[in-house]
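Work through the exercises below with the model open. Each task is followed by a solution in steps.

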Amino acid sequence: LNAVKLESPPNDPEAPDIRLLLETLYNEAGVDFRSYAYSSLKRRILVRVQRENVGSISDLQKLVQRNPDVMERLVAGLTIHVTAMFRDPAFYRLMRHEVVPVLRTYPFLRFWVAGCSTGEEVYSLAILLQEEGLYQRSRIYATDLNETVLGKARRGIFPLAAMQEYTRNYQKAEGLRSFASYYTADNDFAIFRPELRENMIFAAHNLVGDASFNEFHGIFCRNVLIYFNRTLQERVHRLFYDSLLTFGYLGLGRSETIRFTPHASSYAEINAQEKLYRKIA
Amino acid sequence: MIVIGGSLGSMAALHTILRDLPKSFSRPIAVVLHRHKDSDDALMTILQRDIALTVREVVDKEPIQLCCVHIAPSDYHLLVETMCFSLSTDEPVQFARPSIDVLFESAADVYGSEAIAIILTGANRDGAAGAREIRRRERGHAESGDPGCARRADSSSRGDWTSPHRSCSHPHSTFQT
């Protein structure tokens, strides 16, 4: 094990069991969770304890050593985050009004949706770019650590039950068409139009350790870094900084901020509420 | 640390508690109020009125500060870490996000017996498990302004004491949920 130390809180009786479990995951699955935010990680571990029907974290640790399926479900449970199309509509309104006019001045555009999970925000971005006439000159790189969610994102098939919420979000985001025109409904699923996927590139990328792979006009990483501790957040922000063109945009989640990182002064705040930043130095 | 949880209906009770605290009050305070996911900043403005301490909606990894009331943002869980707060968009707990249990349980892990839990009115069981967890670290206290919620927190935390806060009888306090 390298020098990364798990920051466990002083009064958690389960901290030694969690430490052992994370060591097992690191040694046997090669996934390093020691720089994740401890408290939210612990909650996710406890959800797995419950779902796997074992009595304790220490039982789960013993079980993952003999059962690769349990291991896989645990890693997925600790990494996958749930998102929605046009989540935080005000963010997309801001994109339309403040960012799109600037993007129009570029002949070619590259975007990175980092930690894209099942792809809801990738499709939202593609729809917005298409409505603004920019999609033809864009490439959206969508990455996640987990191959299973990437596969789902690539297929573009989402539960039909979610469409009501997404339609509301889309309308609040000042969408220009009928949201239903972007998918065909098939019993329980909404199958999104394949042309939306034309300029999407899906790839496995681990924010914990993998390097920069291109230079982007915009990077979107919303509600992903909240699961990391400050040290790891700083490392990922270094990666984003290195991967953004000067005057490129960085979009974070509504309750995230660049303020506590060493890169704060390298960005101008486009909008304080929606956490949209622009690289200026 | 003092952790406080309640429904939106306990705003007035929360305000009454906070209004009595001096600017120099040197324990950090963290609050979860159940509220709609689209609720806006008006809550902060209302809470800050007549209060000496600084009221702030938490952003991820914000340092835990003394003389400050840290409020969970809508649609995120608020968790206590060593030295700072973190947020999560994980599924609701007891139908709530932010959830009182999530805040209380993480506060227990970090602050142990130094954590004090206050449950104001509650519409459901959210907060009971968290209060029990704080009780388990010894010397934790759970108070409630709502008898039903107090009973739930009390019975599930086994042996914890509950007593109505004196602000419960305050003429400006309302305890409907």
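**Exercise 1. Salt bridges within chain A**

Task: Find which residue forms a salt bridge with A:Arg48, and state whether the two are buried or exposed.

Solution. Step 1: apply the rule, a side-chain nitrogen of Lys or Arg within 4 Å of a carboxyl oxygen of Asp or Glu. The partner of A:Arg48 is A:Glu52, with the closest N and O atoms 3.0 Å apart. Step 2: check burial, where buried means under 20% relative accessible area, exposed over 50% and partly exposed in between (1.4 Å probe, protein chains only). A:Arg48 and A:Glu52 are both buried.

This is a predicted model, in which local features need pLDDT of at least 70 and side-chain atom pairs pLDDT 80 or more, while totals for chains, interfaces and linings use all residues. Residues are numbered from 1 along each chain as its sequence is written, chains are lettered from A and ligands numbered from 1 in the order in which they are written, and side-chain values use heavy atoms, without hydrogens and water.

Task: Locate the salt bridge between A:Glu132 and A:Arg104, and say what it ties together.

Solution. Step 1: the N to O distance is 3.0 Å. A:Glu132 sits in the loop between α6 (120-131) and β2 of chain A, and A:Arg104 in the loop between α5 and β1 of chain A, so the pair ties together parts 28 residues apart in sequence. Step 3: compare accessibility. A:Glu132 is buried at 15%; A:Arg104 is partly exposed at 40%.

**Exercise 2. Between the chains**

Task: Describe the contact of chain B and chain A by residues and by buried area.

Solution. Step 1: count residues in contact (heavy atoms within 4.5 Å). Chain B gives 35 residues and chain A gives 35 residues. Step 2: take the buried area, the accessible area (1.4 Å probe) that two parts lose on being put together, summed over both. The two chains bury about 2600 Å², 43% of it on carbon and sulfur atoms. Step 3: B:Lys61, B:Tyr76 and B:Asp109 supply 24% of the area that chain B buries against chain A, more than any other three residues.

Task: How many salt bridges cross the interface of chain B and chain A?

Solution. Step 1: the rule finds five across this interface. Over all chains, the whole structure has 26. Step 2: B:Glu105 pairs with A:Arg43, the closest N and O atoms being 2.9 Å apart. Step 3: A:Arg87 and B:Asp75 meet at 3.8 Å, N to O. A:Arg87 lies in the loop between α4 (68-79) and α5 of chain A, and B:Asp75 in the loop between β4 (68-71) and β5 (77-80) of chain B, so this pair joins two chains. A:Arg87 and B:Asp75 are both buried.

**Exercise 3. Sheets of chain A**

Task: Give the strand order of the open sheet of seven strands and name its edge strands.

Solution. Step 1: two strands pair if DSSP finds at least two bridges between them. The order is β6-β2-β1-β7-β8-β10-β9 of chain A, with mixed pairing. Step 2: β6 (200-204) and β9 (267-271) of chain A are the edges, each pairing on one side only. The twist averages 20° from one strand to the next. Step 3: β1 (109-114) and β2 (138-144) of chain A run parallel, joined by six bridges. There, A:Trp112 has A:Tyr141 in β2(A) as bridge partner.

Task: Which three strands form the antiparallel open sheet, and which stand at the edges?

Solution. Step 1: the order is β3-β5-β4 of chain A. Step 2: β3 (157-159) and β4 (183-186) of chain A each have a single partner strand, so one side of each lacks a neighbour in the sheet. Step 3: β4(A) pairs with β5 (189-192) of chain A over four bridges. A:Thr184 has A:Ile191 in β5(A) as bridge partner.

**Exercise 4. The nonpolar cores**

Task: Which residues of the largest nonpolar core touch the most other members?

Solution. Step 1: a nonpolar core is a set of buried Ala, Val, Leu, Ile, Met, Phe, Trp, Tyr and Cys residues joined through side-chain atoms within 4.5 Å. Step 2: among its 70 residues, the answer is A:Ile45, A:Leu207 and A:Phe240. Helix α3 (100-111) of chain B gives the most to this core, six residues. Step 3: a second, separate core has 44 residues, including A:Leu109 and A:Phe179.

How values were computed
Axes are lines fitted to C-alpha atoms, for helices over the stretch in contact, and angles run from 0 to 180 degrees between N-to-C directions.
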